[in-house]
Amino acid sequence: MKNQRLFLVLFFLLVVFHVQADDLDDFIRSQMQKRGIPGLSLAIIQDGKILKAQAYGFIDKEGKVPVTTNTLFQAGSISKSVAAMGALYLVEQNKLVLDENVNIQLKSWKVPDNEFTNDKKVTLRGILSHTTGLTVHGFPGYPVGAKVPSVVQILDGTAPANTPPVRVDFVPGSRWRYSGGGYTVMQQLMVDVTGTKFPEFMKNNVLSPLGMKNSTFQQPLPPELAKLTATGHYNNRNLVEGRWHIYPEMAAAGLWTTPSDLARFAIGIQNAYAGKSENVLSRSMTRQMLTDQKNRDGLGVFLQGDSTTLRFGHKGRDEGFDALLTASVDKGQGIVIMINANDNSHMMGRIVDFIAEYYHWDGFPIKTAKPAAVDVDSRALKAFEGRYELFNNRMVTFEAENKRLFTIEDDFADEEFVPVANNKFTSTDRNVSVIFNTDAKGNVTGFTLKDDGQRYERTVPRIGPLADAKKTNVDPDPSRTPKILAALQAMVKGGKVLEEASGLTLGAKRDFAGGMRKPETLKSLTFIHSENVAGRGIQRHESQVSEIVTYQLKSNQPDTFILVHLTSDGLVTDCDLVKK
């Protein structure tokens with residue numbers, strides 16, 4: 001009788017878990033379908049162990065070869081977190097010093113001194129926490145078959161490198177700014193002090209000790225591993241030519257891995273922090289790694305939550321691949337998600353929130369009941385359509401449909417906002433509301449973003465309406481269009497052409513030195529709309545934007561519009577390609 005009761009209890013638990021697992025799997029598949037994601041792989045950590053490892057979809061949009069939990073994905077900038085552990089290991093081996101001038105140990109290349117480094121020097125701590133003043137945010141990688149530069153060529157921005165030189169342009173330690181260039185300096189530093197190739201060093205001292213058997217920093221991949229990879233897709237879901245790019249900037253963006261291996265990395269940090277095991281780093285060094293240096297940035301990882309709900313993690317993006325890692329410091333919980341597409345939506349965040357609620361984890365937003373909708377005049381609803389500057393160089397687009405507002409990301413519907421008042425809309429996904437603001441003439445100038453979960457609010461300025469080729473306006477200054485076209489063509493080409501071009505801000509010349517991947521050609525511009533945004537606080541490439549002009553493009557990108565960001569003196573400081 002006792003055995004029968006035990007069997008029934010176990011059977012009940014299995015049924016419950018299966019139903020829950022189906023709920024989770026169904027949610028993930030519905031999110032993938034909504035966003036057109038070819039393949040996704042994830043790992044969930046519970047009680048310090050991998051509770052669930054699951055793969056969904058296919059290695060490419062053709063849908064013939066399924067993704068498995070052993071399929072390799074590019075980790076993008078999560079590579080920095082793993083590489084950081086390698087650098088901190090060298091600190092504990094007395095090969096590197098956190099607060100020493102890195103030029104003391106660099107042999108193959110030195111950080112060029114200038115007026116910013118007279119009193120403060122570039123240090124490993126500054127590199128790991130993005131506070132050194134080193135330039136170059138990220139790297140586009142190199143197409144398969146293209147000539148790949150050495151790390152020294154990348155650091156100096158010399159051919160065939162496709163990014164500007166890595167240099168110091170503000171006093172080290174004075175502020176925070178993300179720098180993949182800094183991690184590339186660190187890569188060279190680690191090679192110089194060990195005399196070992198970077199992939200080999202990382203395998204022997206980080207990947208293997210943590211049990212990350214399916215991970216490698218080898219760039220390019222050897223043929224036997226290349227067969228195990230997913231294929232990258234851009235945000236329009238077109239295939240990356242050659243399936244993926246090559247990243248000689250290995251520490252910044254070059255890790256090939258699986259969610260299960262990244263979960264093992266996170267568990268390694270959790271165990272070391274708790275003093276349970278010290279496979280790579282000691283407990284004291286791990287605690288330094290998870291200590292806020294500046295801007296909620298530790299040493300190679302970003303931090304979230306308070307002292308009781310502290311989490312560490314990183315996001316990653318390479319050409320055609322996105323990834324996310326978040327894990328608790330002391331609760332034995334975590335999630336890793338990897339997809340074979342660039343996706344600018346909240347999809348991965350929605351999956352994280354669903355999993356956290358599903359397993360009743362603390363420190364994540366608790367979703368309130370779905371808001372009750374009020375009736376809003378359709379003409380008023382249309383007025384709220386358009387683009388808004390959510391963050392610096394990060395737009396959010398609203399489109400009206402079925403008496404709702406939907407954000408549009410990568411030409412796919414993303415987040416639904418329900419009207420709860422004439423000018424207030426609440427998300428059905430998160431505890432977030434937007435309240436639209438107007439000027440004295442009733443024109444929408446932006447919205448107030450209220451995040452009840454994080455208890456903050458801020459103003460988000462309007463960029464302009466959705467583009468419509470059927471609704472053209474008279475160009476207020478047609479004489480400037482040829483100058484703007486010439487400036488944009490220089491941005492496409494980059495290099496010396498851009499350096500010698502007129503009509504561009506210094507920030508645009510610096511940040512587009514490597515050219516633009518899209519459009520590949522730019523033949524003519526047709527004026528569509530102009531929006532005066534002076535005073536709205538929009539900044540692109542360190543210049544204030546005064547006007548945003550929308551043109552229809554004649555280029556290799558059909559049915560595309562381009563938003564041109566102009567300063568008060570008419571200089572081009574940025575541009576964005578949009579479909580509508």
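This passage looks at charged side chains in the structure above, and then at a serine in a loop.

The model is predicted, so local features are taken at pLDDT of at least 70 and side-chain atom pairs only at pLDDT 80 or more, while totals for chains, interfaces and linings use all residues. Residues are numbered from 1 along each chain as its sequence is written, and side-chain values use heavy atoms, with hydrogens and water left out.

Side chains of opposite charge can pair when their charged atoms come close. In this structure there are 28 salt bridges, a salt bridge being a side-chain nitrogen of Lys or Arg within 4 Å of a carboxyl oxygen of Asp or Glu. One of them joins R350 to D429, with 3.1 Å between the closest N and O atoms. Because R350 belongs to helix α11 (residues 347–358) and D429 to the loop between β15 (424–427) and β16 (432–438), this pair ties together parts 79 residues apart in sequence. Helices (H or I, at least four residues) and strands (E, at least two) are DSSP runs, numbered from the N terminus. R350 is buried at 7% relative accessibility, whereas D429 is partly exposed at 25%. Here buried means under 20% relative accessible area, exposed over 50%, and partly exposed in between (1.4 Å probe, protein chains only).

Further pairs can be followed in the model. D377 and R379 form a salt bridge with their closest N and O atoms 3.5 Å apart; D377 is partly exposed at 42% relative accessibility, and R379 is exposed, its relative accessible area being 69%. E385 meets K382 in a salt bridge, also at 3.5 Å from N to O, and E385 is buried at 11% relative accessibility. A network of salt bridges links R35, R237, D343 and D410.

A polar atom of the D60 side chain does lie 3.0 Å from the backbone nitrogen of E62. Beyond its neighbours within four places in sequence, D60 is in contact (heavy atoms within 4.5 Å) with P38, T231, H233, L239 and N340.

Finally, S546 sits in the loop between β21 (543–544) and β22 (547–555). S546 is buried at 19% relative accessibility. Its contacts, leaving aside neighbours within four places in sequence, include E531, V533, L566 and S568.

Conventions. Polar contact = N/O pair within 3.5 Å; in protein donor to acceptor, adjacent residues only side chain to side chain.
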